[in-house]
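Open the model in your viewer and keep the selection tool at hand. The tour goes stop by stop, with something to select at each one.

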Amino acid sequence: MTRQISRRSMVKAAGAAGAGIGTATLAAPASAADAPFAHPGLLHTRTDLDRMAAKVKAGAKPYTAGFAELAANRHAQSGWRANPQATVYRGSGAPENYRILYNDIHAAYQNALRYHSSGDAAHADTAVAILNAWSGKLTGLEGSADRFLAAGLYGYQYANAAELVREHEDFDLGRAQELMRNVFHPLSDDFLTRHNGAVVTNYWPNWDLTAIACVLATGIFCDDRRIVERAVEYFKHGDGMGSVKHAIPVVHDDGLGEWVEAGRDQGHALLGVGLMGTVCEMAWNQGIDLYGYDDSRFLKGAQYVAKWSLGGDVPYTANTRRKGAIGGWSGSETASGVAAVDPAMTRPIWAMVAQHYTKRRGLPASYLTRAAAKAAPEGGGGDYGPNSGGFDQLGFGTLAFTRERAADVSAAPSPGPAASEGARGVRPQASASPAEGDDLAATGSGDVAGWAAGAGITAVAGGLLMLRRRGRAG
């Protein structure tokens, strides 16, 4: 039997979380620092979800194309059944099983998004069953340094899927919050603190960004302002390479912000834009403007990556970073120029960022707009190949983030809470103890063999794989 998601009170959930949970459904929360968190309020607000449903029902473009991508994905089917594990392994040390986790999380997210877009409650029930199964069994993440990637990526994704069904009468919100607090968050917070015992620049920005995304998602999902503030502070001022001024260390006279990981390879630069955009969007939906922080530094960096990925020429300042373990081996690595690009490479990251800057803020962002148009309609996990790199973003931005231009677009506000949506003005695998060469691909580096041949895949940049669906232009 199917059922509609309940609008019941959040009293039970508040007790489980140990803090009051806001019941507001507005996209923009009150600006007071101690105001309740808005729910849903991670990547999607009630306004976003209502817009998707209305546009799909009306047959409006491009929402219908975005919804068709979702409905065609095998993860978005109500017949999906979870396969929860007590311990998830990513990296060396035990047979890896993390693919089970990310496939189930994407199935939960896609079913939840499909429910909100179509009203078919069978999809909500499926999402709830998947999430409850994992919160009832998963107790730990193990492996090499890649366990930190698993915590960050799958932590922020689990929270986003769960946020979409947090009011469902069968969803165990308290247990899901415990999973975030006790399994995903501790590893991500520890990485931002100790960086796996390595010097702070040993790991490229994406390692930090996965952790920031998980910490921020945990704080919002669990109504813990201290955890949210930790993520926001690290984004702004963190010592690691994932804080915004280290990920985008140089702003050029033409307004483009140099993305440091462009000196590594294209796939990881795209991943970085997707992760930083995810952080900015989740923060925005709680009234925290990281999109506009430091004179919209993220916009400048995203424009840089978009132009470069489209085949344009961009400058690059040689960057040397220290590598090694604290008290152990040490070395350095210099990136002297941008890596080669494949203009056909894409990830489902552009719609969210482009729509924020051009529609919410009314800013010109020609490279972002072109990149988003080329990638549209965006799919999600499972549409970009079966390997981990194709599941690092939740995707479906054409459906979820396309919006009308705000009627009242103002100039960039000071960083911090803002009043209302539309009125806000114008952002590898390594060993447990790092050894030389440990900072390898953050996604998909070891999954390439065999399958790539004949599967419509583009392999790029030293073995990093960017997967694009066969038959899709761009």
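**First stop: the cavities**

The lining of the second largest cavity consists of seven nonpolar residues, three polar and one charged. This is a predicted model. Select Leu310, Met345, Trp350, Ala371 and Lys374: of the 11 lining residues, these lie nearest the centre of the second largest cavity. Now colour helix 12 (293-309) and helix 14 (366-375), the elements that give two or more residues to this lining. Helix 14 gives the most, with three residues. The volume of the second largest cavity is about 80 Å³.

Move on to the largest cavity, with a volume of about 130 Å³. Its lining has 17 residues; pick out Thr278, Pro348, Met352, Gly395 and Phe401, the closest to the centre. Next, show helix 11 (266-284), helix 13 (350-360) and helix 15 (397-401), each of which supplies at least two residues of the lining. Which helix gives the most to the lining of the largest cavity? Helix 13 does, with three residues. By residue type, the lining of the largest cavity has 10 nonpolar, six polar and one charged.

**Second stop: helix 8**

Select residues 205-221, which make up helix 8. Is helix 8 largely enclosed or open? Helix 8 is largely enclosed by the rest of the structure, because 17 of its 17 residues are buried. Then step past the end of the helix to Asp223, which follows helix 8 and has a positive phi, near 55 degrees.

Start with Tyr102 and Tyr154, a tilted pair with 5.8 Å centre to centre and 40 degrees between the planes. Zoom out to see what this pair links: Tyr102 belongs to helix 4 (residues 98-118) and Tyr154 to helix 6 (residues 146-163), 52 residues apart in the chain. Tyr102 is buried, with a relative accessible area of 0%. Tyr154 also counts as buried, at 0% relative accessibility.

Now select Trp259, Trp284, Tyr291, Phe298 and Tyr357 together. These residues form one aromatic cluster.

**Last stop: a charge over a ring**

Select Arg225 and Phe37. Which part of Arg225 sits over the ring of Phe37? The charged end does, 4.3 Å from the ring centre.

Conventions. Residues are numbered from 1 along each chain as its sequence is written. This is a predicted model: local features need pLDDT of at least 70, side-chain atom pairs count only at pLDDT 80 or more; totals for chains, interfaces and linings use all residues. Side-chain values use heavy atoms; hydrogens and water are left out. Helices (H or I, at least four residues) and strands (E, at least two) are DSSP runs, numbered from the N terminus. The expected span of a helix is 1.5 Å times one less than its number of residues. Buried means under 20% relative accessible area, exposed over 50%, partly exposed in between (1.4 Å probe, protein chains only). On a 1 Å grid over the protein atoms alone, a cavity is a set of points where a 1.4 Å probe fits but cannot get out, and a pocket is an open set with protein on both sides within 12 Å along at least five of seven lines; lining residues have an atom within 4 Å of a point. Grid points are joined across faces, edges and corners, and a volume is the space filled by probe spheres set on the points. Ala, Val, Leu, Ile, Met, Phe, Trp, Tyr, Cys and Pro count as nonpolar, Asp, Glu, Lys and Arg as charged, and the others, Gly among them, as polar. Rings of Phe, Tyr and Trp (its six-membered ring) pair if their centres lie within 6.5 Å; planes under 30 degrees apart count as stacked, over 60 as edge-to-face and the rest as tilted. A charge sits over a ring if NZ of Lys or CZ of Arg is within 6 Å of the ring centre and within 35 degrees of the ring normal.
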